[in-house]
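Here are my notes on this one, jotted down point by point. Have the model open while you read.

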Amino acid sequence: MSENNVIWNGLHNPDLKLEEADAVVLGLPFDGATSFRKGAAQAPGRIRSISTHIPPTTEEGRLLTKLRVRDLGDIEPAGLTQEQYFEQVSAAAERLFGRTMPFFIGGDHSVTIPLLQAAAAVFQGPLGIIHLDAHLDLCEELGGNRLSHGCTHRRSLECPGIELEHLFFVGIRSFEVQELQFLQGRHANIVTARTLYEQGISAVAAQICAGLSRCRHVYLSLDIDFLDPAMAPGTGTPKPGGFSSRDLFELLRHLARLPLIGMDVVEVSPPLDQNDITSFAAQRAVTEMWGYLFL
Ligand SMILES: [Mn+2]
C-alpha cells in the first residue's frame with residue numbers, strides 16, 4: 001500500500017519516526033486460518049478507506065489533530081506459508097512494541113498469535129491480555145490447524161509470561177467441546193456475554209482492572225464478533241446475543257486506564273458485510289481508543 005496522508009481522518013504522517021508516534025497502524029491482511037468464512041484479508045484496506053471520510057474528532061467533540069499517527073501499510077502474506085507469514089508479523093511487531101503503541105488491523109484472529117509471541121518476547125513480567133470476543137479461541141487445533149483463529153490463546157499460553165490468571169475473556173457466548181475439556185480443573189477469567197449484560201460495563205471493567213493490577217503491560221485484542229451480528233454482520237463466525245457499539249466504546253473507555261502496550265482489531269470481513277457497518281464500527285473503535293489514550 002502506498003502511504004497516503006488522508007487516511008486515519010487525515011492524521012497519518014508518513015514522516016514520523018516510530019518513537020515520535022503516539023500510534024502506529026499495521027495491517028495484517030491474512031485470512032488463511034478461518035474455520036468457516038473468509039474475507040478478513042480485505043479489512044485493513046477497507047477500514048483505511050473508510051477512515052478518509054471521517055473528521056479528526058472523537059464522538060464527544062474532542063480534537064484528534066494533535067495526535068501523531070503513522071500507518072506502516074500492510075504485511076502481505078502472498079507467497080508465504082502461514083508459519084513464514086507469522087514469523088514476519090512477529091518480527092515486525094517486536095520492532096514496534098515498547099517504542100510506540102501499535103494498532104494492528106487483521107486479518108483473522110490467528111494473527112494475534114505472532115503478535116502475542118512478540119509482546120511476550122519484548123516485555124518482562126506477567127503480560128495481561130484482554131480478549132473481547134464471542135469465542136474463547138482456546139482450541140488445541142481446529143480443522144487440523146494448530147494456528148487456526150480458534151487456537152489463538154492455546155498458542156499464546158505457550159509463551160513465557162502469559163498465564164490464564166492474567167487473561168480475561170470478555171463477551172463469551174460460544175464454547176467448543178475441546179475448550180470445555182481444557183478448562184476442566186483450571187481457573188479462567190471468563191466474563192460471559194450474559195455476565196457482562198447482568199453486571200454492566202463499568203463493574204466488569206473494574207474487575208478486569210483489579211485482576212490485572214500486577215501487570216505492567218496489557219494487550220487488548222478485539223474480535224469484532226464481540227459485537228452482536230446486528231451491529232457487526234461482516235464477520236466469519238457471528239454469534240447472536242452480543243453487544244452494541246455503544247457498549248464496546250464504554251468498555252474501551254474504561255480499559256484505556258490500563259497500561260496498554262498495543263491493540264488489535266480482527267475478524268472484520270468486508271465481503272460478508274452490509275453497507276460497511278462492521279468496518280465503520282472497527283474504524284471507530286480504533287480512533288475512539290486514540291482519544292481515550294492520547295488526549
Ligand atoms: Mn476470535
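1. Where does Gly 107 lie? Gly 107 sits in the loop between E3 and H3; helices (H or I, at least four residues) and strands (E, at least two) are DSSP runs, numbered from the N terminus. The peptide bond joining Gly 106 to Gly 107 is cis, with omega at about 10 degrees.

2. A word on what we're looking at. This is a predicted model, in which local features need pLDDT of at least 70 and side-chain atom pairs count only at pLDDT 80 or more, while totals for chains, interfaces and linings use all residues. Residues are numbered from 1 along each chain as its sequence is written.

3. Overall build. The protein chain has 9 helices and 8 strands. Its radius of gyration is 17 Å, close to the 19 Å from the globule rule for 295 residues, so the chain is as compact as a globular protein of that length; the radius is taken over C-alpha atoms, and the rule is 2.2 Å times the number of residues to the power 0.38. The C-alpha trace spans about 50 × 45 × 40 Å along its principal axes. Of the contacts between residues at least 6 apart in sequence, 78% join residues at least 24 apart, a contact being two C-beta atoms, placed from the backbone, within 7 Å.

4. The sheet. It is an open sheet of 8 strands in the order E2-E1-E3-E8-E7-E4-E5-E6, with parallel pairing; two strands pair if DSSP finds at least two bridges between them. At the edges are E2 (69-74) and E6 (189-192), each pairing on one side only. From one strand to the next, the twist averages 15 degrees.

5. Strand E3 and its partners. E1 (residues 23-28) pairs with E3 in the parallel sense over 6 bridges, and Val 24 has Pro 102 in E3 as its bridge partner. Because 5 of the 6 residues of E3 are buried, the strand is largely enclosed by the rest of the structure. Buried means 20 or more other C-beta atoms within 10 Å of a residue's own, exposed means 12 or fewer, and partly exposed is in between, with C-beta atoms placed from the backbone.

6. E7, E8 and the helix across them. E7 (residues 217-223) and E8 (residues 260-266) pair in the parallel sense over 6 bridges, and Asp 223 is bridged to Val 266 in E8. Helix H3 (residues 112-122) lies across E3 (101-106), E4 (127-132), E7 and E8, at about 175 degrees to E8. Axes are lines fitted to C-alpha atoms, for helices over the stretch in contact, and angles run from 0 to 180 degrees between N-to-C directions.

7. The core. The largest nonpolar core holds 84 residues, and Ala 119, Ile 130, Ile 224, Val 265 and Ala 285 touch the most other members; such a core is a set of buried Ala, Val, Leu, Ile, Met, Phe, Trp, Tyr and Cys residues joined through C-beta atoms within 7 Å. Helix H9 (residues 277-294) gives the most to this core, with 7 residues. Setting aside neighbours within four places in sequence, Ala 119 contacts Phe 97, Leu 127, Tyr 219, Ile 261 and Gly 262. Across the protein chain, 51% of the 295 residues count as buried.

8. H1 against H9. H1 (residues 43-51) and H9 pack at an angle of about 75 degrees, with axes 9 Å apart. The two helices are therefore roughly perpendicular, the label for 65 to 115 degrees (under 35 is roughly parallel, over 145 roughly antiparallel, the rest oblique). On the H1 side the contacts include Ile 47 and Ile 50, and on the H9 side Phe 280 and Ala 282.

9. Two backbone spots to check. Trp 8 has a positive phi, near 55 degrees, and Asn 9 has one near 60 degrees. Trp 8 is buried, with 27 other C-beta atoms within 10 Å, and Asn 9 counts as buried with 20.
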